[in-house]
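Please consult the sequence and the three-dimensional structure below while reading.

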Amino acid sequence: MASKEARPQLQQKGKFMIPYWWKVVFAFTLGWMFINANKYFLNPILDNIGLEYNLNNSQLGLVNSIFFLTYTIAQIPAGAFSDKFGRKKLLVIGFVLYGILTGVSGLMAGFTDFLVARALAGLSSATYYGPQFALSSEAIPEKHRTVGSAIINSGSGIGIAFGFILSSTLVLDMGMKWTVPFYIFGVLTVLVGLLIVALVKEKNPDTVKEREQLEKTAHNGEKISVISLLKNRNLLITFLVLFCSIYGFTVVVTWLPKFLETERGFHGSQVGLISALVPLASIPGALVASYISDRLGRKKPFAFVLIPIAAFALWATVYVHSTALLITALLVYGLFGKIALDPLLIASVSENVRQSAYGIAFSLYNFIGMISSVIAPWFVGYLADKTGSMTAGFYSAVIVLAIGFVLMMFFKEGPKATAMDA
């Protein structure tokens, strides 16, 4: 019989001990749920906001673009500050403030005030991305990193779906004022921020400094900068492919509800439920793709499958008129689209930069990717105002995804990805 010492150390005093990295994955999955719910829950009720402030499609697109503008600009400073002053501290402060500002957005009487509140909310939410993936990449064992990132990222899909369904049900079906979801999500976000405080630990600063010193010695004192990251071919391609992927995703989550209502005749919570198919379908797609990728140790082959199928599904979304085919296209995009691709790209970043620079690397990654979220909402709204239809905007997403596919051809990957492979 095996001795007690030989057994896995999962019990202490008769109690099951949950591995720390499981707690990190749970906390950050909830974090992504509400980061993304707050970003997108207003999209099914954009027409209600437009009626309140008398807005056209371009101005409605500006509601999302202004949020993502401040969110994007703050990415790199947030990552740099988190590496220097503490990742958990910056993440939690920004996350709680994000919840407060989401609630405050619903109190604004004028459109300008509303835009300012959304801009400040975007700014505060920027403290989450880089620090979160830096903390989780440190906590999750390397052999589970892609799957762990996929589980965390699944919170995005759940949050978007939850936001779509709740806001459309409360406002479009139950007739509540469009401001009510802002209050609900604001409170829930603050509570999740407090949960992160309780579950996630910051590494001992002395340990972090010691590790950084060892890494600098190993790399002849080389300092990681934005320029040096951009000179790494694999990182640069990863950043640009993310830009293309997020462009398509932003078009869908921003304008699909309005497209369904104005051009396909859906109403009320039907809009939210059908729109929610995309983020919900993305969850199994991301988990399966990341699991297989972890086993094979390669990312590029899966990108070559995911990107063209996602582009075809977006094209089919606006081309077909059958409800059954439309729903099928959306499910396919969810399974093979942006959220399914994310864990592969995130793992690519962590494999091509040393741990002490995770904060700045992930922030730069998100900064470049999220520029497309600034462009897409306004640009597609502008195309809709000019053409009288939303189809041109969806087709623009297909073209951008095709560019991402071409870029991925230049990604350098052998049988196993090699860290710092330039």
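**Cavities and helix packing in a predicted model**

The lining of the largest cavity draws at least two residues from each of α1 (20-40), α8 (145-173), α12 (233-263), α16 (338-351) and α17 (358-387). The model is predicted.

**Cavities**

- Five cavities of 30 Å³ or more are counted in the model.
- The largest cavity has a volume of about 160 Å³.
- The lining of this cavity comprises 17 residues, of which N36, K39, K338, D342 and M370 are the closest to its centre.
- By class, the lining of the largest cavity consists of eight nonpolar, six polar and three charged residues.

**Helix α5 against helix α9**

- Helix α5 (residues 87-105) packs against helix α9 (residues 180-199) at an angle of about 165°, and the two axes are 7 Å apart.
- Because angles over 145 degrees count as roughly antiparallel, α5 is roughly antiparallel to α9.
- The crossing in which α5 passes α9 is left-handed.
- On the α5 side, the contact is made by K88, L91, V92, F95, V96, Y98, G99, I100, T102, G103 and S105.
- On the α9 side, the contact is made by F182, Y183, F185, G186, T189, V190, V192, G193, I196 and V197.
- The contact of α5 with α9 contains 13 nonpolar, seven polar and one charged residues.

**Helix α5 against helix α6**

- The axes of α5 and helix α6 (residues 111-125) cross at roughly 165° and come within 8 Å.
- This angle makes α5 roughly antiparallel to α6.
- The crossing of α5 past α6 is left-handed.
- From α5, the residues G94, L97, Y98, L101 and S105 meet F114, A117, R118, L120, A121, S124 and S125 of α6.
- The contact of α5 with α6 divides into seven nonpolar, four polar and one charged residues.
- Y98 and S105 of α5 take part in the contact with α6 and also in the contact with α9.

**Helix α5 against helix α7**

- Helix α7 (residues 129-139) packs with α5 at an angle of about 135°, with the axes 9 Å apart.
- The crossing of α5 and α7 is left-handed.
- R87, K88 and L91 of α5 meet P131, Q132, A134, L135 and E138 of α7.
- Four nonpolar, one polar and three charged residues make up the contact of α5 with α7.
- K88 and L91 of α5 belong to the contact with α7 and also to the contact with α9.

**Residue L166**

- L166 lies in helix α8, one of the helices that supply at least two residues of the lining of the largest cavity.
- Leaving aside residues up to four places away in sequence, L166 touches I184 and F185.
- F185 also belongs to the α9 side of the contact with α5.
- The C-alpha atoms of L166 and S269 are separated by 8.5 Å, although the two residues are 103 residues apart along the chain.

Conventions:
Residues numbered from 1 in each chain as written. Predicted model: local features only at pLDDT ≥ 70, side-chain atom pairs only at ≥ 80, totals over all residues. Heavy atoms only, no water. Axes fitted to C-alpha atoms, helices over the stretch in contact; angles between N-to-C directions. Helix = DSSP H or I, 4+ residues; strand = E, 2+ residues; numbered from the N terminus. Left-handed = near helix turned anticlockwise from the far one by under 90°. Contact = heavy atoms within 4.5 Å. Nonpolar A, V, L, I, M, F, W, Y, C, P; charged D, E, K, R; others polar. 1 Å grid on protein atoms, 1.4 Å probe; cavity = no way out; pocket = protein on both sides within 12 Å on 5 of 7 lines; lining within 4 Å. Points joined across faces, edges and corners; volume = space filled by probe spheres on them. Parallel < 35°, antiparallel > 145°, perpendicular 65-115°, else oblique.
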